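The sequence and the coordinates are shown first, and the description follows.

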Amino acid sequence: LLAIGKKLAPEIDRVKNALSQGYENQYASLSLLTDKGYLEKIEQIIALKKNLNPTMLIIVGIGGSNLGTMAIHQALYGPFYNETHPELKVYYADSTDAEYIQHILNAAESQLKQGNAILVNVISKSGTTTETIANFELFLALLIKHAPKNYKEFVVATTDKDSKLWALAEKEGFALLEVPKNVGGRYSVFSAVGLFPLGMIGVNLFELLEGAYAALVTSTSDEIHDNLGALSAALIFASYQNGLIINDTFLFSNSLRNLGDWYRQLMAESLGKEYDLQENKVNVGITPTVSIGTIDLHSVAQLYLGGPRDKFTTFIALNENFEEPKLPNLPSFATLVEAIQGKSLSSIMAAIFGGVQKAYAQADRPFMTVWLPKKNAFYIGQLMQLKMIEMMYLGFLLEVNPFDQPQVELYKKETRALLRG
Ligand code: PA5
């Protein structure tokens with residue numbers, strides 16, 4: 001670890017100095033954490049759009065343009081948000097799955113028919129992603145049908161200033177929020193990409209950014225054992241060098257599933273690269289998987305504990321104990337499962353999690369554990385920023401550019417050709 005820490009030193013310095021260079025470098029996403037003017041602009045649009053009293057927010061975007069928002073949304077409000085918050089339901093229109101999008105269109109139309117307002121936030125950094133633009137056109141057409149005179153009030157476009165979407169939004173008169181040029185999709189959750197929709201649903205943006213800033217502070221220390229981002233990267237890198245080519249994020253909370261999906265994209269797109277080394281193609285990458293405890297103990301644990309030794313695991317667990325619900329102690333249940341009577345589900349979960357870690361240690365399966373003190377905006381912001389810095393450090397250690405995704409263009413090019421016919 002000390003050797004890896006030494007190797008990382010110049011990159012740690014670059015991350016440390018990034019703030020003073022603003023948005024003019026590849027670490028631009030870090031500047032979002034202290035940009036008060038930018039946050040104010042987002043807050044103004046949030047206030048404006050809240051005044052319309054929308055009962056539904058439709059977030060049209062994919063990949064880096066919606067995964068971070070989904071992660072924070074679910075972590076803070078749990079998996080049943082739409083049932084528990086009927087005053088502002090949220091839908092994510094990402095894939096071009098006709099059945100799925102039709103369902104959202106129907107839900108939106110039903111709100112409009114009842115005389116309620118819906119808000120469409122189209123998010124695309126490039127402004128030309130097929131899925132996003134196709135879905136946006138559908139929701140825009142719905143708005144035009146029901147509010148032909150003032151439909152533009154119900155649209156917010158979040159995009160790069162040079163994109164074609166920006167030009168269209170300007171021409172149409174939609175509210176516009178900028179994604180700074182050097183802030184890449186999967187590093188953009190603390191830009192308007194995440195902050196606008198999260199602000200609309202009441203997330204404390206100040207706390208979120210404070211948590212993220214705290215991660216920047218703890219991830220720029222020169223001492224590897226105090227530098228959480230570097231330490232985490234070093235553990236994953238050392239494991240990869242030892243043949244552990246799969247990285248499993250094992251989250252012990254149903255509300256953190258989307259956080260796992262967000263990290264999966266961050267790792268896959270940032271590190272999975274092909275490049276030419278003296279005319280030889282070199283392929284690099286760590287395959288990220290996501291598991292949810294305790295559910296996946298009953299699906300993949302056998303493989304993880306008994307299968308090939310090719311995985312490094314990061315457990316993410318909550319350090320919060322809930323008194324409720326508690327098992328009622330029904331006499332007829334006493335003989336079914338030993339020693340659970342009268343206990344809270346939280347304490348049963350803790351015992352299972354403790355058992356899992358012991359089993360991993362006994363089976364000699366390497367892991368690290370991240371304890372989240374609480375599932376609040378501060379700690380979720382801190383964890384996500386920590387993981388983004390970890391990815392910058394991993395990119396440096398693996399000698400790849402963690403900010404680009406050249407091969408994703410391959411499918412986009414072929415898709416466009418097929419659509420042209
Ligand atoms: O991380 C990335 O850059 C990608 O996952 C993009 O976010 C994704 O492809 C969507 O692109 P865009 O925001 O340009 O529509």
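In which loop is the place of N329? In this model, which is predicted, N329 is found in the loop between strand 10 and helix 13.

## Backbone features in the loops

N329 has a positive phi of about 75 degrees although it is not a glycine, and the residue is partly exposed, with a relative accessible area of 45%. The loop between strand 10 (311-318) and helix 13 (345-362) also holds P325, and a cis peptide bond with omega of about -10 degrees joins E324 and P325. Another cis peptide bond joins G293 and T294, where omega is about 5 degrees; T294 lies in the loop between strand 9 (287-292) and helix 12 (301-306).

A positive phi is also found at E279, a residue other than glycine, with a value near 70 degrees. E279 belongs to the loop between strand 7 (273-277) and strand 8 (280-284), and its relative accessible area of 77% makes it exposed.

R365 is placed in the loop between helix 13 and strand 11 (367-372). Is R365 buried or exposed? R365 is buried, with a relative accessible area of 8%. When its neighbours within four places in sequence are left aside, R365 is in contact with Y304, L305, G306, G307, P308, R309 and Y360. For one of these residues, L305, the C-alpha atom is separated from that of R365 by 7.0 Å, although the two residues are 60 residues apart along the chain.

| Residue | Relative accessible area | Class |
|---|---|---|
| E279 | 77% | exposed |
| N329 | 45% | partly exposed |
| R365 | 8% | buried |

## The parallel sheet and the helices across it

Five strands form an open sheet with parallel pairing, and their order is 2-1-3-4-5. Strand 2 (89-93) and strand 5 (175-178) stand at the edges and have a single partner strand each, so one side of each is left without a neighbour in the sheet. From one strand to the next, the twist averages 20 degrees.

Which helices lie across strand 5? Helix 2 (residues 36-50) lies across strand 1 (54-60), strand 3 (117-124), strand 4 and strand 5, and runs at about 155 degrees to strand 5. Helix 7 (residues 164-172) lies across strand 3, strand 4 and strand 5, with an angle of about 150 degrees to strand 5.

In soluble globular proteins, nonpolar side chains tend to be buried together. The largest nonpolar core has 91 residues, of which F190, F196, W262 and M384 touch the most other members. Helix 14 (residues 377-398) supplies the largest share of this core, 13 residues. Leaving aside its neighbours within four places in sequence, M384 is in contact with G68, A71, I72, V189, F190, L259 and W262. Apart from this core lies another, of 30 residues, among them A93, I101, Y151 and W166.

## Packing of helix 9 on helix 14

How far apart are the axes of helix 9 and helix 14 where they pack? The axes of helix 9 (residues 205-218) and helix 14 are 6 Å apart, and the two helices pack at an angle of about 40 degrees. That angle makes helix 9 oblique to helix 14, and the crossing of the two helices is right-handed. On the helix 9 side, the residues that meet helix 14 are E207, L208, E210, G211, A212, A214, A215 and L216, whereas helix 14 contributes A377, F378, G381, Q382, Q385, L386 and I389.

Methods
Residues are numbered from 1 along each chain as its sequence is written. This is a predicted model: local features need pLDDT of at least 70, side-chain atom pairs count only at pLDDT 80 or more; totals for chains, interfaces and linings use all residues. Side-chain values use heavy atoms; hydrogens and water are left out. Two strands pair if DSSP finds at least two bridges between them. Helices (H or I, at least four residues) and strands (E, at least two) are DSSP runs, numbered from the N terminus. Axes are lines fitted to C-alpha atoms, for helices over the stretch in contact, and angles run from 0 to 180 degrees between N-to-C directions. Contact means heavy atoms within 4.5 Å. A nonpolar core is a set of buried Ala, Val, Leu, Ile, Met, Phe, Trp, Tyr and Cys residues joined through side-chain atoms within 4.5 Å. Buried means under 20% relative accessible area, exposed over 50%, partly exposed in between (1.4 Å probe, protein chains only). Angles under 35 degrees count as roughly parallel, over 145 as roughly antiparallel, 65 to 115 as roughly perpendicular and the rest as oblique. A crossing is left-handed if the near helix is turned anticlockwise from the far one by less than a right angle, and right-handed if clockwise.
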